[in-house]
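Hi,

Here is the structure I promised to pass on. Have a look first, and my notes follow below.

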Amino acid sequence: MCGPLVRPAELAGGHSHTWYYNGAGAPAAVAGTALNAITSASNTVAKGLNRCGLPADLPTVYQYAGATTAKAQISAEATCTGNDGRSVTSWGALPPKYLGYACTYFRSNGTVLAADVLLDNVANAWFTTLPANCRLAYDLETTVAHERLHTAGLAHVDQATSATQTMAPSSRPCDTSRRLLGAGDHAGLKALAAR
Ligand SMILES: [Zn+2]
């Protein structure tokens, strides 16, 4: 079946995900624009927005619920430290090789109960609009799309064979080419939505 038919109960319930943002500690370069970039990335994953001309009609809603002072429950060693039931995207220290880290708690039916994302504000530099003289900064929107795909239930694809997918594990500086999903990312979301 390939039609966009969606049962209303699914729209209202299992595929809806509410998230909060804590801008404390956001790097100055993106402090004013981070929420917009995170919102765009969330919508990309919710709908399946892609760079392959595939339908972006997934029955998912990622709803921004407002600012919070709560922090993502993720340690500086990139471990999940608990689930308070609130999905928070916030900034903090991570091991230098990590741009971001997601911890997701699923219900028994596979839908998301809560999901935190921690974005590194120590070792890595960020942008939301590619600077003309970009050298070693990373695209926030791409990184959040990747982390939201983890929350949606996708795992990494092989870096060597699938580097163009948003779910490739490594990012290049100054690269915005994976902001929108690749065909493999999209296929993964479609498979999850059909469960
Ligand atoms: Zn990842």
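How many bridges join strand E4 (residues 100-106) to E5, and do these strands run parallel or antiparallel? There are seven, and the two run antiparallel. (Strands here are DSSP E runs of at least two residues, helices are H or I runs of at least four, both numbered from the N terminus; two strands pair if DSSP finds at least two bridges between them.)

Before I go on, this is a predicted model: local features need pLDDT of at least 70, side-chain atom pairs count only at pLDDT 80 or more, and totals for chains, interfaces and linings use all residues. Residues are numbered from 1 along each chain as its sequence is written.

Back to E4 and E5: they make a hairpin with five residues between them, and Gly110 in the turn has a positive phi of about 95°. Tyr101 sits opposite Leu118 in E5. E5 also pairs with strand E3 (residues 88-92), this time parallel, through four bridges; there, Gly92 has Asp120 of E5 as its bridge partner.

Eight of the nine residues of E5 (residues 112-120) are buried, so the rest of the structure largely encloses this strand. Buried means 20 or more other C-beta atoms within 10 Å of a residue's own, with C-beta atoms placed from the backbone. Across the chain, 37% of the 195 residues count as buried.

As for the whole chain, it has four helices and seven strands, in the order α-β-α-β-β-β-β-β-β-α-α from the N terminus. Its C-alpha atoms fill a box of roughly 45 × 35 × 30 Å along the principal axes.

Cheers

Methods: Buried ≥ 20, exposed ≤ 12 C-beta atoms within 10 Å, placed from the backbone.
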